[in-house]
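Hi everyone, thanks for making time. I'd like to walk you through a few spots in one structure, so please have a look at it first.

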Amino acid sequence: FYIGAWGSNVDFSDGDQASVEVDVYGGFSNSLDSLPALSYDVGIIYYWYPGATSSLDYDFLELYGSIGYDFDFAAASFGLAYSPEFFGDTGDAYYYQLGLEVPLPFDVGFSAGYNFQEFEEGAQDDYQDWNVGLSYSIYDLDLSLTYSETVDLGTSDNEALTFGVGYSF
């Protein structure tokens, strides 16, 4: 079992006061006793935008699940997330995820992902995103550097280079 929280600054350029996103999540992950290389993860996330005008309906809930298989030289995963009332009151939304993780020399990790966001008919344009990253752990800190891009959004500012620091206890 796990619980956690994640936060970041946001700017929707809509004149609203939302400047922070806080995600609170919990779930259960494990592997099968009869097939330890096969894992699963199920959980729930609440996306919260403190300071946003409530009529914008930015806050939403998402249920997710994934399965993965570790081939020793690489691990692959597939996931699906569902929101019955997505960001901005756009209705049902589905997020399909494909992932790959490869251990590299010197305890460095490589990851790549491709994702597709699908919305209820006509509520919003569907889009896709992808990412590649490197990770390394030192002194109980998990460091990551990830490049990501979102396509099909109709805007030009859809790329990001993100440096992350994580700590688990």
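Which residues form a negative surface patch? They are Asp57, Asp59, Glu85, Asp89, Glu120, Glu121, Asp125, Asp126 and Asp152. A patch here takes residues with over 30% relative accessible area and no salt bridge, with like charges joined within 9 Å. A salt bridge would be a Lys or Arg side-chain nitrogen within 4 Å of an Asp or Glu carboxyl oxygen. Accessible areas come from the Shrake-Rupley method with a 1.4 Å probe.

A word on where this comes from: the model is predicted, local features need pLDDT of at least 70, side-chain atom pairs count only at pLDDT 80 or more, and totals for chains, interfaces and linings use all residues. Residues are numbered from 1 along each chain as its sequence is written, and side-chain values use heavy atoms, without hydrogens and water.

Glu85 sits in the loop between β5 (75-83) and β6 (93-103), and Asp57 in the loop between β3 (38-48) and β4 (60-70); strands are DSSP runs of E, at least two residues. Glu85 counts as partly exposed because its relative accessibility is 36%, and Asp57, at 34%, is partly exposed too. The class runs between buried, under 20%, and exposed, over 50%. Asp57 also has a positive phi of about 55°, though not a glycine.

Now for another aspartate. Asp129, in strand β8 (residues 127-138), is buried because its relative accessibility is 12%. Its side chain makes polar contacts (N or O atoms within 3.5 Å, one able to donate a hydrogen and the other to accept it) with the side chains of Tyr95, at 2.9 Å, and Asn115, at 2.8 Å.

Conventions
Patches are made of residues with over 30% relative accessible area and no salt bridge: like charges are joined within 9 Å, nonpolar side chains (Val, Leu, Ile, Met, Phe, Trp, Tyr) within 5 Å. Lys and Arg count as positive and Asp and Glu as negative; His and the chain ends are not counted. The place of a charge is taken as NZ of Lys, CZ of Arg, CG of Asp or CD of Glu. Helices (H or I, at least four residues) and strands (E, at least two) are DSSP runs, numbered from the N terminus. Buried means under 20% relative accessible area, exposed over 50%, partly exposed in between (1.4 Å probe, protein chains only).
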